[in-house]
Amino acid sequence: MNELKFIGIIPARYASTRFPGKPLAMLGGITVIERVYRQVSLVLDNVVVATDDERIAQAVAAFGGKAVMTSTEHRSGTDRCREAYLSNGGEEDVIINIQGDEPFIQPGQIKAIMSCFDDAATDIATLIRPFAPTRPVTELLNPNSPKVVVDSKMNAVYFSRSVIPYLRNIEENKWPESHRFYTHIGMYAYRADVLDRITRLPQSPLEVAESLEQLRWLENGFIIKTAESDIETVGIDTPEDLERAAKILETKKNVNND
């Protein structure tokens, strides 16, 4: 891994349906996008925000960060990452795609995803979180929280919005305590040549069915290595999420002051 060159790219759109302008929303006195940038910079020297909006680019420049303007036509953050990577020179071996609405992303999570490339067979890497056996089954059943099945080498076998595996002959409310389930954390890393190839692929049947782009990669034979993370992060998808994040931030400050 030490021989590989990594770049962190943070896709950040302004026109979010549920929360327009969320990268520029204030959280504890600074913008969400600056918080994400700061966290990633604790691990990576090379960090770039990929945006399609001048307001975001200007905000990034104002706090001393680097932003790259990208097309407004991209279908996903993966496509935006590829354009930003090439615009930035395209010299790194691995591109880490960090969501621009994850202000509490931790250095350990970035290091974990980097470690996946110690395996030369890894094409793509992502993070998974063990589902705590004490959590209610309703959270496991939530289709907005994709589940993951992995093999003995921690390579992803399948991602689904349904609960996988299905536990036959076990009461549903006992599922969390009866099996080690994994949920997906939406951060990816790609080898440069793989990123080029996957962005050229047409949508696949499984991807369309589940609305999960990583299924396109599995259907086309790419190896997705996973790394475990127990860290609970807070994604900012709605104004309500921002309020919850602000409370968490305030709690952390109070703990540190004590």
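**Cavity**

My cavity search ran on a 1 Å grid over the protein atoms alone, a cavity being a set of points where a 1.4 Å probe fits but cannot get out. Grid points are joined across faces, edges and corners, and a volume is the space filled by probe spheres set on the points. The largest cavity has about 50 Å³ of space. I listed its lining, meaning residues with an atom within 4 Å of a point: Ile98, Gln99, Glu102, Ile105, Ile185, Gly186 and Met187. That lining divides into 4 nonpolar, 2 polar and 1 charged. Here Ala, Val, Leu, Ile, Met, Phe, Trp, Tyr, Cys and Pro count as nonpolar, Asp, Glu, Lys and Arg as charged, and the others, Gly among them, as polar.

**Ground rules**

A note to myself: this is a predicted model, in which local features need pLDDT of at least 70 and side-chain atom pairs count only at pLDDT 80 or more, while totals for chains, interfaces and linings use all residues. Residues are numbered from 1 along each chain as its sequence is written, and side-chain values use heavy atoms, with hydrogens and water left out.

**Alanine 25**

Next I looked up alanine 25, which sits in the loop between β1 (6-12) and β2 (26-27). Helices (H or I, at least four residues) and strands (E, at least two) are DSSP runs, numbered from the N terminus. Alanine 25 counts as buried at 12% relative accessibility; buried means under 20% relative accessible area, exposed over 50%, partly exposed in between (1.4 Å probe, protein chains only). Neighbours within four places in sequence aside, alanine 25 is in contact (heavy atoms within 4.5 Å) with Phe19, Ile30, Thr31, Val32 and Leu242. I also checked proline 103, 78 residues along the chain from alanine 25: their C-alpha atoms are separated by 11 Å.

**Hairpin and backbone**

Strands β8 (residues 147-150) and β9 (residues 156-160) pair in the antiparallel sense over 4 bridges; pairing requires that DSSP finds at least two bridges between two strands. Valine 149 has tyrosine 158 in β9 as its bridge partner. The hairpin has 5 residues between the strands, and methionine 154 in it takes a positive phi near 65°.

Asparagine 169 has a positive phi near 70° and is exposed at 78% relative accessible area. Serine 211, in the loop between α8 (205-210) and α9 (214-219), has a positive phi near 55° and counts as exposed at 53%.

**Aromatic pairs**

I let rings of Phe, Tyr and Trp (its six-membered ring) pair if their centres lie within 6.5 Å, with planes under 30 degrees apart as stacked, over 60 as edge-to-face and the rest as tilted. The count comes to 6 aromatic pairs. Tyrosine 166 and tryptophan 175 have ring centres 5.2 Å apart and planes at 80°, so they are edge-to-face. Is tryptophan 175 buried or exposed? Tryptophan 175 is buried, at 4%, whereas tyrosine 166 is exposed, at 62%.

Tyrosine 190 and tryptophan 217 are edge-to-face as well, because their centres are 5.9 Å apart and their planes at 80°. Tyrosine 190 lies in strand β10 (residues 182-191) and tryptophan 217 in helix α9, so the pair ties together parts that are 27 residues apart in sequence. Both tyrosine 190 and tryptophan 217 are buried. Last entry: ring pairs link Tyr188, Tyr190 and Trp217 into a cluster.

Notes: On a 1 Å grid over the protein atoms alone, a cavity is a set of points where a 1.4 Å probe fits but cannot get out, and a pocket is an open set with protein on both sides within 12 Å along at least five of seven lines; lining residues have an atom within 4 Å of a point.
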